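Please keep the structure open beside you as you read.

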Amino acid sequence: MVRFLLLIFICFAAIAHLFSSSALADVITCSNIVPRRYRHDKISITDFGGVGDGRTLNTKAFRAAIYRIQHLKRRGGTLLFIPPGVYLTGSFNLTSHMTLYLASGAVIKATQDTKHWPLIAPLPSYGRGRERPGGRYISFIQGDGVQDVVITGDNGTIDGQGDIWWNMWRQRTLQYTRPNLLEFVNSRDIVVSNVIFRNSPFWNIHPVYSSNVVIRFVTILAPHDSPNTDGIDPDSSSNVCIEDSYISCGDDAVAVKSGWDEYGIAYGRPSSGITIRRVTASSPFSGIAIGSEASGGVENVLAEHINLFNTGIGLHIKTNSGRGGTIKNITFSHVYIEEARTGIKISGDVGDHPDDKFNPNALPIVKDVTINNVWGVKVRQAGLIRGIKNSPFTQICLSDIYLHGITGPRSPPWQCSNVLGASRQVSPSPCSELATQQPGSCANHF
């Protein structure tokens, strides 16, 4: 616990310094993809009967407040204020041109009564629920086809109370796929900032089929043994900015996705223009991941100035035969890794399939991956790069990488197969496939 609190302190102390007046002018940010909004019209959840006693169910109050925003349509939109208190509620839908503002000490807490979680259709790029065939439970906070939505505040909390869902998963009593904590579908111009997300039933923040999304200054917390509690999963989305956040969860901290096997191939919407910057994370699985559901393709991803502690895999690109899709132009830069089973992994044999209708000959393409300026300590295995026999990974370019292992017997520091690329100043020395530069493979990367 002490180490956990120390990591949070270090993360936010660094952010506070970064955004001091003397440093502000030097900050690089992608958050300007969504213009700032000021809402002149303001209402409070208490105006609609909201009670923050932690016991009263406030679903009607949230739905009534959002109905008012949707139908009165004040010029410039409306801010819905959540004052200090614990507001128990079922799931609710957002509307366009609104700000959900959580004051310091405000908690929006999900009910654990599953009858308050309606079922919705599966995403077309997945063909079924991610965990179970058929539909899926609606996310706790859902935005479908919305634009100009802000979720922010003074570090108030959205609490999914996920333990009842985790136990159903462990006991194999789930009938449908668990709900996410926050999901935007077919939406644009979204900002999520200065909010704590805690104990999601499933994935925490899931923008899918969306564009112009900013996620900044958020904290995401879930126990390391909580199943599938991914932090942030941009999915078949474009122009997504993830910055200045702390994530400690039970699955991948950030995972860029784009659909599942034949359904993702048919839907054909890639994730592109994804920036992940100044993120500190801890996870038993991956710190920063691409895939494994990447059948619509993933391209133009930049992850830089990343700090990873106590992770299974630091940087992970994962796919499988049957996935299809092209993963290209991926850059990881300036990454610190402390305590990991594997520092860098690029693998073509990861992930399950939705059904038996997938095409095993739909081979993914992985190319143009640049990894540089990575420093790791207490890393058991430096790297594992395993391509696919009939679709080798190409233009894998490694430079200025130092991954210091744990003393004592261990597996070879690097293992590679079906990969083409090059390396420069990598320690321990990489596998032979990457040890010498092949003509034209990485000339523009070094």
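1. Begin with the aromatic cluster made up of Phe 62, Phe 92, Trp 117, Tyr 137, Phe 140, Trp 165 and Tyr 176. This is a predicted model, in which local features need pLDDT of at least 70 and side-chain atom pairs count only at pLDDT 80 or more, while totals for chains, interfaces and linings use all residues. Residues are numbered from 1 along each chain as its sequence is written, and side-chain values use heavy atoms, with hydrogens and water left out.

2. Searching the whole structure gives 12 aromatic pairs. Rings of Phe, Tyr and Trp (its six-membered ring) pair if their centres lie within 6.5 Å; planes under 30 degrees apart are stacked, over 60 edge-to-face, and the rest tilted. Tyr 137 and Trp 165 are an edge-to-face pair, because their ring centres are 4.9 Å apart and their planes meet at 65°. Tyr 137 belongs to strand 9 (residues 136–137) and Trp 165 to helix 3 (residues 163–171), so this pair ties together parts that are 28 residues apart in sequence. Helices (H or I, at least four residues) and strands (E, at least two) are DSSP runs, numbered from the N terminus.

3. Buried means under 20% relative accessible area, exposed over 50%, and partly exposed in between (1.4 Å probe, protein chains only).

4. Have a look at Phe 202 and Trp 203 too: they are a stacked pair, 5.0 Å centre to centre with 10° between the planes. Both Phe 202 and Trp 203 are buried.

5. Helix 2 (residues 59–72) has 14 residues, which should span 20 Å at 1.5 Å a residue; its end C-alpha atoms are 20 Å apart, so the two agree. The expected span is 1.5 Å times one less than the number of residues. Among the buried residues of helix 2 are Phe 62, Arg 68 and Ile 69. Lys 73 follows helix 2 and has a positive phi, near 50°.

6. Finally, Arg 130 lies over the face of Trp 260, 3.9 Å from the ring centre. For this, NZ of Lys or CZ of Arg must be within 6 Å of the ring centre and within 35 degrees of the ring normal.
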